[in-house]
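Please read the points below with the model open beside them. They go through a few local features one by one.

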Amino acid sequence: MNEFSIRDIENLCGIKAHTLRMWEQRYQLHIPRRNAGNHRFYDNEDLKYLLRIAFLYHNGHKISRLALLDEKRSPGWH
């Protein structure tokens, strides 16, 4: 299992770290785990989910709507 920092996620998804933090706070969009130093970290499943969100977002979907999708149960998310 790989672990990714928020900077890694920013580079892979094309969404600024600041924006990811705002989405986390404003929409409760994928609250990441934290390490002992209280830094966010993401695993492979987190990355896959955020890549899907980024794809839809970059293709015109509103984040307020995407945040309503259940990452575990939405059809087509696996």
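1. Which residue just after α2 takes a positive phi? Glutamine 28 does, with a phi of about 55 degrees. Helices and strands here are DSSP runs numbered from the N terminus (H or I of at least four residues for helices, E of at least two for strands).

2. A word on the basis of these notes. The model is predicted, and local features need pLDDT of at least 70, side-chain atom pairs count only at pLDDT 80 or more, and totals for chains, interfaces and linings use all residues. Residues are numbered from 1 along each chain as its sequence is written, and side-chain values use heavy atoms, with hydrogens and water left out.

3. Helix α1 (residues 6–13) packs against helix α2 (residues 17–27) at an angle of about 105 degrees, and their axes are 9 Å apart. The pair is therefore roughly perpendicular, a label for angles of 65 to 115 degrees. Axes are lines fitted to C-alpha atoms, for helices over the stretch in contact, and angles run from 0 to 180 degrees between N-to-C directions.

4. On the α1 side, Ile6, Arg7, Ile9 and Glu10 meet Ala17, Leu20 and Arg21 of α2; contact means heavy atoms within 4.5 Å. By class, four nonpolar, no polar and three charged residues take part. Ala, Val, Leu, Ile, Met, Phe, Trp, Tyr, Cys and Pro count as nonpolar, Asp, Glu, Lys and Arg as charged, and the others, Gly among them, as polar.

5. The buried residues of α2 are Ala17, Leu20, Trp23 and Glu24. They fall within an arc of 120 degrees seen down the axis, so they line one face of the helix; the arc is that of the directions from the helix axis to the C-beta atoms. His18, Gln25 and Arg26 are exposed on the face turned away from that side. Buried means under 20% relative accessible area and exposed over 50%, with partly exposed in between (1.4 Å probe, protein chains only). The cover over the buried residues includes α1, β1 (33–34), β2 (40–41), α3 (44–58) and α4 (63–66).

6. Glutamate 24, in α2, counts as buried because its relative accessibility is 10%. Its side chain makes a polar contact with the side chain of arginine 40 at 2.8 Å. A polar contact is a pair of N or O atoms within 3.5 Å; within protein, one must be able to donate a hydrogen and the other to accept it, and residues adjacent in sequence count only if both atoms are side-chain atoms.

7. Aspartate 43 sits in the loop between β2 and α3 and is buried, at 11% relative accessible area. A polar atom of the aspartate 43 side chain lies 3.1 Å from the backbone nitrogen of glutamate 45.

Terms used. Angles under 35 degrees count as roughly parallel, over 145 as roughly antiparallel, 65 to 115 as roughly perpendicular and the rest as oblique.
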